[in-house]
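Please read it beside the sequence and the coordinates.

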Amino acid sequence: MEPGVLDKEATPESLRGLVRAGIFSPDELERSLSIAGIIPDGKSWSRFLNTLFLLLGSVLIVAGVIFFFAYNWASMHHLLKLGIVQAALLIAVVLSFYNGLDKLTGKAALLASSILVGALLALFGQIYQTGADAYELFLGWSILIVGWVVISDFASLWLLLLLLLETTVYLYWGQVVASAWFVYDSPLPYEIIFGLNVLGLALWEAFSSRGISWLSGRWIPRLCASLGLFVLMIPLTLSIVVHHPFESHPNLVVLLWLLYLSAGTFAGWFYRVRVFDLYMIAIALLSLIVLVAIFFANRMGSNYGGFLFLSLLVVGMSGGAAMWLRSIAKTQHRRPYERQHNDDS
Amino acid sequence: MSASTMTIREVIEKVTPGKALADAATQALAQERLEAGDHTSPWFVRALVAVSAWIASIMFLVFVYGARVISSSMGSIVLGAMLIAFAVFLRRAQKNNLFLAQLALALSLAGQALLIVGIGEKMHTAGAALAAIGMSMALIVLYPDKTHRFLSTLIAINAAVIFVYDQHIPYGLQVLVVGLAGAAGHVWHYESSLAAGRMAPVLRPVAYGLIAGMFLLLIPSGLPPDLRMHIRISQTWFPATIALAILLLLLEYRLLSFHKALREMRLSLVVFGGTLVLAMASLKAPGIIAALFVLVIGFHRGNRIITGIAFAFLAIFLSAYYYNLDITLLNKSYTLLAVGTTLLAIRPLLFSAFQNSDKEAAHE
């Protein structure tokens with residue numbers, strides 16, 4: 001019998017468990033869900049509908065305004081177009097200033113301002129045909145909003161900056177170095193983008209451990225990790241399936257694999273020992289399973305018998321990965337002292 | 001949908017005051033955790049297992065067909081049935097061994113594909129579709145796994161769609177949509193009563209499958225009219241909208257009764273009147289009412305997954321609705337502005353109606 005189990009937070013699953021065990025009747029379950037605040041009361045409904053109508057109403061009005069200008073766009077004078085976007089930018093900045101950056105509305109207004117800076121740059125480039133490459137727009141956009149990002153204390157704005165910088169790197173490579181929209185001649189841009197994500201992740205983990213409240217969520221570090229890993233998987237896959245991958249950059253291919261293996265190993269240690277986050281370990285394992293499957297599938301050719309082996313290999317690897325993840329999750333449940341991010345169902 | 005901050009002990013004491021249930025509850029919850037198996041895995045571990053099982057089953061099918069392991073439809077049926085039977089046996093015998101559970105899932109999916117393809121070659125399409133429905137329903141009961149039950153529900157729904165198309169049943173797709181909505185609404189609304197029954201472990205994954213299946217079936221209603229004509233999808237969706245609106249009104253009636261707010265005329269008027277106006281405005285787009293129906297169910301049950309799915313599909317169907325409106329961009333912008341302003345104007349009305357309802361409840 002596990003002591004203290006009743007002192008855990010009442011969840012729908014735990015309360016349903018009491019019905020299955022015959023401790024609660026169905027009516028009592030319904031009452032318990034209401035008491036625990038899981039089934040909403042009148043006030044919760046009122047709050048929910050209030051927020052829903054505010055959100056939907058605002059989105060529809062903004063969409064209506066955008067559609068209105070889109071309809072009349074072609075016939076507008078270019079100064080009017082610039083004026084509209086600048087007015088929107090000014091309104092967003094004033095709203096942010098008025099509400100203050102300690103409120104979500106103020107932060108959201110600053111995010112809108114940052115996005116509108118990009119819209120203004122794009123419009124400027126369209127009207128005056130500056131001849132600039134797209135990467136210059138993204139670079140300029142990133143530089144212009146850095147100040148706002150720094151003072152914002154808003155994770156979403158930092159994420160926007162990170163994505164803009166990554167887009168700049170990719171577009172620079174595609175437009176200046178490789179002259180192709182899909183970069184396949186060098187793994188370097190992918191490695192740099194991966195590095196930017198790792199940097200973002202490292203900064204997040206370093207500062208969130210100091211108790212900074214706006215860095216307490218997990219969706220942004222998880223997004224950074226997923227994005228970084230996805231970007232790295234592109235050249236990794238190419239290095240497996242293409243006969244002579246990245247011919248002129250053999251050292252960068254070695255670096256690519258070193259990056260992947262060292263980052264995976266470090267993540268496996270860090271997110272198990274220092275900041276417990278099973279998601280990070282799971283995506284690292286999934287990437288490994290996919291790469292191993294691609295490696296063997298690429299070597300099968302028309303040897304269909306080999307696909308039976310591959311099928312069993314995938315089952316074995318994923319089953320083993322799931323078993324290991326579950327075992328470390330169980331171990332972690334018994335260790336209350338680390339920061340835990342497990343998302344139990 | 002406020003998150004609970006109460007402990008299980010506090011809830012038990014409030015629901016059953018004076019009864020000493022702590023020991024029994026502790027024992028029951030410890031036993032639950034022991035028996036839970038993959039239920040305690042986070043969603044991304046279950047997703048990893050499900051995706052890998054799909055990949056493994058596809059590899060297995062490449063092996064079966066590529067290496068010519070079977071050469072006839074009867075061979076496909078026999079091998080498929082054997083694989084399914086073995087998978088069910090394996091899963092039931094090894095409830096907590098994840099590796100074998102994973103192997104069983106991959107074998108079951110591969111076996112189902114072989115069986116359905118074999119039957120399809122042997123019989124006509126409708127027969128194969130009916131066989132797939134029967135097989136999925138049997139596996140929902142027999143195969144003790146959440147992921148598999150969810151997938152079986154989706155397979156059964158897809159087979160039903162194929163049957164409806166093959167038999168040229170008029171409005172068949174819409175009947176299916178409404179049936180799925182009704183079934184999902186029933187299961188989620190009576191979730192607490194059903195949680196005590198023997199079928200409780202089966203019902204939740206099936207109920208998620210019903211909602212996912214309903215939204216998948218509604219996607220064609222949001223396609224542009226010329227594309228719908230090209231792929232022979234019905235152009236007239238208003239019967240589904242009307243039926244879904246009736247279901248939504250019924251649900252709202254039950255919720256207002258549940259919260260003892262039916263007598264609050266202003267609230268009832270806003271809720272029922274708003275639903276009717278919305279249904280009339282979106283007659284050609286049943287997805288909007290369906291998403292609202294699921295949104296109400298999800299919020300009422302405190303289920304964030306369902307609420308999140310409903311929001312996502314509401315955004316998709318609203319976008320599709322405005323994209324497909326056969327009016328100029330200028331008129332679309334006026335419509336959006338009018339609807340947005342109406343929603344903002346209704347807010348204070350709704351707020352005061354809720355306050356009145358609360359006052360009356362407190363008075364009683």
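Helices (H or I, at least four residues) and strands (E, at least two) are here DSSP runs, numbered from the N terminus. This is a predicted model, in which local features need pLDDT of at least 70 and side-chain atom pairs count only at pLDDT 80 or more, whereas totals for chains, interfaces and linings use all residues. Residues are numbered from 1 along each chain as its sequence is written, and chains are lettered from A and ligands numbered from 1 in the order in which they are written.

Chain B holds 16 helices and zero strands. One of the helices is α13 of chain B (residues 265-281), in which B:Ala279 is found. A residue is called buried if 20 or more other C-beta atoms, placed from the backbone, lie within 10 Å of its own, exposed if 12 or fewer do, and partly exposed in between. B:Ala279 counts as buried because it has 21 C-beta neighbours inside 10 Å, and of the 364 residues of chain B, 40% count as buried. The C-alpha atoms of B:Ala279 and B:Ala245 are separated by 6.2 Å, although the two residues lie 34 residues apart along the chain.

Two residues are in contact if their C-beta atoms, placed from the backbone, lie within 7 Å.

| Residue | Residues touched |
|---|---|
| B:Ala279 | B:Thr241, B:Ala245 and B:Ile289 |
| B:Val177 | B:Met214, B:Leu217, B:Leu218, B:Ala240 and B:Pro286 |

Among contacts in chain B between residues at least 6 apart in sequence, 69% join residues at least 24 apart.

A nonpolar core is a set of buried Ala, Val, Leu, Ile, Met, Phe, Trp, Tyr and Cys residues joined through C-beta atoms within 7 Å. The largest nonpolar core has 146 residues, and those with the most contacts inside it are B:Ala106, B:Val177, B:Met214, B:Leu244 and B:Phe293. To this core α5(B) gives the most, with 13 residues.

Where the chains meet, 73 residues of chain B are in contact with 79 residues of chain A. The largest share of the side of chain B that touches chain A comes from α16(B), with 18 residues. With Ala, Val, Leu, Ile, Met, Phe, Trp, Tyr, Cys and Pro counted as nonpolar, Asp, Glu, Lys and Arg as charged, and the others, Gly among them, as polar, that side divides into 45 nonpolar, 21 polar and seven charged residues.

How values were computed
Lists of a residue's contacts leave out its neighbours within four places in sequence.
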